[in-house]
Structures are given as C-alpha cells and as structure tokens.
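Here is a short report on a metal site and some ring contacts. The structure comes next.

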Amino acid sequence: MTDPLDEKMVSRVAEMIARAGDVVVFTGAGVSTESGIPDFRSPGGFWTKFDPEDFTITRFLESPETRRKQWRFLLSGDLFRDASPNAAHRAIAALEAMGKLDCVITQNIDNLHQKAGNDRERVFELHGNMRWIRCLDCGERYPLEEILERHRPAVDPPPCGSCGGILKPDVVFFGEALPDETLREATRRASQCALLIVVGSSLVVYPAAYMPLYAKQAGAGLVIVNWTPTPADRIADVVIHAAAGDVMERIVADLRRRMNRCA
Ligand code: NAD
Ligand code: ZN
C-alpha cells in the first residue's frame with residue numbers, strides 16, 4: 001500500500017475522487033514546503049530556528065521582548081508573504097475548478113491555497129492566517145501589510161489604533177483555542193464528506209488531526225499523501241509516502257483524463 005511511485009495508487013485515488021461526491025482536502029505544513037516554507041518538525045524546520053515558547057500565548061502576553069522579537073520577524077519580510085503556490089496547491093485548486101472539491105481544511109497560515117485559486121469561502125483555516133493582525137483587547141483585525149507600512153521601521157510593535165491594546169498575528173498560538181466557527185464548520189464538512197485526502201501533515205497536532213478520523217468514522221474514504229508515516233496510516237484506504245506536488249499533479253492529470261473520457 002505504500003510504494004511511493006506506484007502509478008496504480010495514483011490511478012486508484014483518481015478513481016476514488018471521480019466516484020466521490022464531496023471531497024475534502026486536509027492540508028498541513030508539508031503541502032507548502034515545495035514553496036520554500038519549512039514545516040515545523042522536519043530537519044531544518046521552523047522549530048530548529050525559533051523557540052516554541054515564544055509562540056505560547058502566556059509568553060506573548062507576559063514578555064514585551066517576545067512581542068518585539070515577533071515584530072522584528074514580521075518587519076524582516078517574512079517567508080509567508082513572498083511565497084508562491086506550488087504544484088500541490090495548484091492541483092487542489094484544479095479539483096475545485098473541476099467541481100470535485102467541497103472544501104480545503106488547512107492548518108497552514110500562509111494563504112497559499114487562496115493564492116492558488118481556491119475560493120476563500122471554501123478554505124477553512126484552523127490556525128488563522130499570517131496576513132492579518134488582531135487586537136487582543138477589542139478584536140479589531142488589520143491587514144498585516146497596512147500595519148507594517150504605517151509603522152516601519154519602529155523597533156517596538158505598535159499598539160492597536162482603536163483602543164491601544166496589544167496586537168498579535170492572527171494565528172493560533174499554543175494555549176489558545178481554535179477559531180470556534182471555523183472549527184465547527186470544518187468538523188461538519190469532514191464528517192459529511194465522501195472522501196478526505198490528507199496532503200502534507202504529520203497528523204499529530206490536535207484538534208486539527210481529528211478531521212481525518214471524523215471522516216473515516218462517518219464512512220468516508222481516506223487517502224494520505226505525506227512523506228513520512230502518520231498515526232492515521234493504518235486506517236487509511238490509500239497511503240502514498242512521496243512528494244505532495246508530484247503526487248497531486250499526477251492524481252489530477254489522471255482524473256482529468258477520466259472526466260474527459262466520460263464527457
Ligand atoms: P508538520 O510540520 O507537523 O508535518 C508536516 C508533514 O509534511 C511531515 O510529516 C512531513 O513529512 C511532510 N512533508 C513535508 N514536505 C512534504 C512534501 N513536499 N510532500 C509530502 N509531505 C511532506 O506540520 P503540520 O502537520 O501542518 O502541523 C504543524 C503546525 O505548523 C500546524 O499547526 C501549522 O499551523 C503550522 N505550520 C504552518 C506552516 C505554513 O503555513 N506553511 C508552516 C509550518 C508550520
Ligand atoms: Zn484594540
């Protein structure tokens with residue numbers, strides 16, 4: 001089941017998509033590594049460069065130095081802003097264009113699914129989005145670019161323009177709850193889909209990693225495309241341990257041939 005280059009598996013997934021009604025794609029940091037954004041846990045990943053403690057909500061609230069460090073990171077022109085979608089994002093956007101996609105549920109904060117062409121109404125961002133900054137006091141949301149332009153090259157992060165409160169990147173830090181409504185809607189869609197395809201996630205971060213389990217429990221097919229094994233491999237129908245871009249591109253090409261044959 002896990003031979004990485006087996007064309008039969010590609011074909012089997014294309015057939016599953018062709019037959020399925022609603023397909024949900026669930027993505028993690030691995031879908032974006034081919035765009036030059038490191039994932040968190042692989043060698044050279046984010047956690048080898050940053051201290052995870054700086055991304056706990058407690059430290060962020062307590063330490064002006066942590067907030068300054070993050071402001072410097074934002075000012076430095078971060079890797080999220082300059083990245084472009086890769087073949088995997090484009091293949092997932094193609095699924096939507098072909099009328100096969102119910103939604104994308106993503107743990108990513110990089111905005112690349114939207115940049116690739118997925119309708120933002122169909123992208124459920126469980127961990128927020130780096131393009132936005134939110135005030136922790138009044139909840140006002142600002143585009144990151146606007147705040148950067150207005151305050152560059154200030155050394156200290158600016159306070160909220162409306163209430164003077166603390167501004168924080170609008171992404172979920174450790175110790176914070178996931179956005180309520182997004183989580184609820186993602187859970188509903190994962191539980192009702194016919195097929196869920198995981199692309200590039202280690203499936204160890206909860207509650208996000210419940211999504212494939214909800215789908216499987218409700219009787220959906222489950223496909224996992226990830227370089228390394230995940231805890232959900234044993235319950236999946238197809239597991240492909242290979243690069244997301246190549247695999248997703250081939251699956252969509254196969255699906256396109258099938259759909260053209262039927263047209
Ligand atoms: P993770 O780092 O735990 O796991 C990523 C998985 O992707 C790994 O198992 C790895 O083997 C696999 N992978 C890496 N490159 C791949 C490729 N080209 N093809 C196929 N598989 C590949 O990431 P996660 O599961 O998303 O969880 C970590 C958390 O980090 C998430 O909460 C997410 O919010 C956050 N994060 C987001 C970004 C981003 O927005 N791009 C980047 C880093 C981390
Ligand atoms: Zn405010």
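Donors are N, O and S atoms within 2.8 Å of the metal (3.2 Å for Na, K and Ca); water is not among the atoms, so sites may look incomplete. The donor residues of the zinc ion (ligand 2) follow the spacing C-x2-C-x21-C-x2-C in sequence. They are Cys-135 (SG), Cys-138 (SG), Cys-160 (SG) and Cys-163 (SG), at 2.3 to 2.4 Å. The site is tetrahedral, with angles of 101 to 116 degrees among the 4 donor atoms; for four donors, that label requires all angles to lie between 85 and 135 degrees.

This is a predicted model: local features need pLDDT of at least 70, side-chain atom pairs count only at pLDDT 80 or more, and totals for chains, interfaces and linings use all residues. Residues are numbered from 1 along each chain as its sequence is written, chains are lettered from A and ligands numbered from 1 in the order in which they are written, and side-chain values use heavy atoms, leaving out hydrogens and water.

Burial is set by relative accessible area: buried is under 20%, exposed over 50%, partly exposed in between (1.4 Å probe, protein chains only).

| Residue | Relative accessible area | Class |
|---|---|---|
| Cys-135 | 1% | buried |
| Cys-138 | 41% | partly exposed |
| Phe-55 | 15% | buried |
| Phe-173 | 3% | buried |

Phe-55, Phe-60 and Phe-173 form one aromatic cluster. Lys-168 lies over the face of Phe-173, at 4.3 Å from the ring centre. Arg-141 sits over the face of Trp-132, also 4.3 Å from the ring centre. Such a charge has NZ of Lys or CZ of Arg within 6 Å of the ring centre and within 35 degrees of the ring normal.

Note on methods
Tetrahedral: all angles 85-135°; square planar, octahedral: opposite > 155°, others 65-115°. Phe/Tyr/Trp six-rings, centres within 6.5 Å; stacked < 30°, edge-to-face > 60°.
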